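Please look through the sequence and the model below before reading on.

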Amino acid sequence: MPELHHFLLERWALYHNLEYDSSEEKNPRLILYNEKDEVVQTVPVKKMKSDEISSLLDSLGFYKRSQKGEEVPEEFQHFPLRAPRDEL
């Protein structure tokens, strides 16, 4: 899984509110939680390229820093996901 490894090394730290759990190394997945810590979506990432993972996170509204260590604006501190259309 060289693409996943590349994403973890090069891009992971750019995104806000992501956690990595290495217990699922054979079947890595992105698990999305709501504000109540309930799982709302699970996405297998084993076969995804690092650009695809980044695009997915961007489309879901995760804040992406322009460089590692950059401060995250207050409005992005607690709400990485955009509300689904029917909840707006």
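A nonpolar core is a set of buried Ala, Val, Leu, Ile, Met, Phe, Trp, Tyr and Cys residues joined through side-chain atoms within 4.5 Å, where buried means under 20% relative accessible area, exposed over 50% and partly exposed in between, with a 1.4 Å probe and protein chains only. The model is predicted, so local features need pLDDT of at least 70 and side-chain atom pairs count only at pLDDT 80 or more, while totals for chains, interfaces and linings use all residues. Residues are numbered from 1 along each chain as its sequence is written, and side-chain values use heavy atoms, with hydrogens and water left out.

The largest nonpolar core has 15 residues, of which Leu18, Leu30, Ile53, Leu57 and Phe62 touch the most other members. At least two residues of this core come from each of α1 (2-10), β1 (29-33) and α2 (50-59), these being DSSP runs numbered from the N terminus, helices (H or I) of at least four residues and strands (E) of at least two. The largest share, three residues, is supplied by α2.

In α2 the buried residues are Ser50, Ile53, Ser54, Leu56 and Leu57. Seen down the axis of α2, they fall within an arc of 160° (taken from the directions from the helix axis to the C-beta atoms), so they line one face of the helix.

β1 pairs with β2 in the antiparallel sense over five bridges, pairing being assigned if DSSP finds at least two bridges between two strands.
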